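Student: I'm new to this one and would like a close look at a single part. Could you take me through the aromatic rings, and then show me what lies around them?

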Amino acid sequence: MQKPSNTKLISIAIILLSLLLVAKLISLSVWWFLPSDGVEYTQAKSYKSIYQRVNFKNMLDAPKKQPKIVEDSSTNSNGVEYSINNLLLKGLYGNKTSGYAIVAKLTQPEVTSVIGIGEIYAGYKLKEIYQDRVIFTKNSKDYKLTLMNASKNNALNNVITKVKEKEIVYEDEHKVTRNDINNYAAHPEKIWKDIGIKAYKKNGKITGFIVTRIKANSKMAQLGLQKGDIMIRANNIELTSPNDAINLYKNIKKIDTLELVVLRDGQEKEIIYEIR
Amino acid sequence: MVKKITKLFIYFIFFILALIVFMPKSSLYFFGEKNLKQFSVIVSDEKIKEGLFSLSLSDITIYAKGVDSAKVKKVDATLMLIYNSIDITDIEISSVAAPYLPTKIKNVDISYTIFNPLVVNAVSNGEFGEAKAKFDIIKRELKVYLKPSKKMLRKYTRSLRYFKKDTKGEYVYAKTF
């Protein structure tokens, strides 16, 4: 075998080194024009409520078990018995069986007391709460006290014997169980059997998600949604992309309250879901 | 003459291999990523490792149109001039897609060799069964041959409607781009 001369070896080495240099120069020029960093997805939105929602249920249930007597006397300091006509109803919260009323005496309207159902004020026991009035009971008789503004300062009312009023129903507040949520999360196909939703676009941009169909008597139908509703906001997050809707679906297990704003007949309507 | 051609060929191979070694693979990947973004596909959270002839990505999350669409454990891209491959392992498609297809794909191997320069091949298996795909570069035609799993046949008959059953009992999907 013929041994290659030093000159030949040097020339091969020079060629290889030149090729390496050219390859490196090409790579460097390619590198110069290419981006130095990639694309990362940033998610700025959160479906957690931006405010803390207070669970009134715990507050409402407590006084029922142990009624606290706010003022265990129906007489004033002079020993004079209070008439229901001498009481003012300044505010209320709740429904027929649970809630609070803000009451004051006519003689001292600025001194208010907050009483829960079952509690006694000036000898009257708070029995029921309605949209614009409360029912007190004393000596097996029912007394109606109307909210100050509702009765146009004619709040003081008469003894009533029978109350046949319809309970206040918060139509837009729905209680959803965790089981329902978990069931839908485990079988998402059930969602699409019960409800049809598609993106609603205005000038080519998604402005919400429209309910195209809803199965009668399904769980979805019980949630207050109607065909034609356009869901535009959930927990103050605008629903303007499929991602917003999907994220809402994905995070539904983590949230306990959902405020859904829908456009119905051109008007915004808020539907609140308490997930328990 | 033959000796000279052989010599030139060896130099050419050496040059190409040097080019692959020096090529900024991460930057090329970033370039691809930016192009994908135009189609509303974002590859995110990935860890990148560059080798002499390879590029590895791990723990990837893929967002399509802003939707968290899939998570991929590992992607290995190997460039060896004669044989190039992309091996993708452990893909988990978002649960949102669960009503339409099984969400776990064990692996997808895409390969390209200069001995068959006009075709890109892919094989895959997962909960859906086994699949082979061929992409004809000239005809711009994709053909997917699927052997569906029992789960696929039982639960995802609606998705199988996109495939045509051939005489061998294989499900075939064809699309021209």
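**A close look at the aromatic rings**

Tutor: Let's start with one ring, Tyr41(A): its relative accessible area is 18%, so Tyr41(A) counts as buried. Keep in mind as we go that this is a predicted model. Tyr63(B) is buried too, with a relative accessible area of 11%.

Now for the whole set. Searching the entire structure over all chains turns up 6 aromatic pairs. In one of them, the ring centres of Tyr41(A) and Tyr63(B) are 3.8 Å apart and the planes meet at 20°, and because stacking calls for planes under 30 degrees apart, this pair is stacked. Where do Tyr41(A) and Tyr63(B) lie? Tyr41(A) is in the loop between helix H1 (6-33) and helix H2 (56-65) of chain A, while Tyr63(B) belongs to strand E3 (residues 54-64) of chain B, so the pair joins two chains.

Next, hop over to a pair within chain B. Phe163(B) and Tyr173(B) are 5.8 Å apart, centre to centre, with 50° between their planes, which makes the pair tilted. Phe163(B) sits in the loop between helix H4 (157-160) and strand E10 (164-165) of chain B, and Tyr173(B) is in strand E11 (residues 171-176) of chain B, so this pair ties together parts that are 10 residues apart in sequence. Tyr173(B) is partly exposed, at a relative accessible area of 25%.

There's a charge to look at in chain B as well: Lys175(B) has its charged end over the ring of Phe177(B), 5.9 Å from the ring's centre.

Back in chain A, ring pairs link three residues, Tyr124(A), Phe136(A) and Tyr143(A), into a cluster. Lys138(A) lies over the face of one of these rings, Tyr124(A), at 4.6 Å from the ring centre. While you're in chain A, find Asp142(A), which is in strand E7 (residues 141-146) of chain A. Asp142(A) has a relative accessibility of 9%, so it counts as buried. Its side chain makes a polar contact of 3.0 Å with the side chain of Lys127(A).

The two chains also come together at another spot. Helix H5 (residues 242-251) of chain A has several buried residues, among them Ile246(A), Leu248(A) and Asn251(A). The cover over the buried residues of H5(A) includes strand E12 (230-234), strand E13 (237-238) and strand E14 (257-264) of chain A, along with strand E4 (67-79) of chain B.

Where pLDDT is low, the predicted coordinates should not be read in detail.

Definitions and conventions
Residues numbered from 1 in each chain as written. Chains lettered and ligands numbered in written order. Predicted model: local features only at pLDDT ≥ 70, side-chain atom pairs only at ≥ 80, totals over all residues. Heavy atoms only, no water. Phe/Tyr/Trp six-rings, centres within 6.5 Å; stacked < 30°, edge-to-face > 60°. Helix = DSSP H or I, 4+ residues; strand = E, 2+ residues; numbered from the N terminus. Buried < 20%, exposed > 50% of the residue type's maximum accessible area, 1.4 Å probe, protein only. Lys NZ or Arg CZ within 6 Å of the ring centre and 35° of its normal. Polar contact = N/O pair within 3.5 Å; in protein donor to acceptor, adjacent residues only side chain to side chain. Contact = heavy atoms within 4.5 Å.
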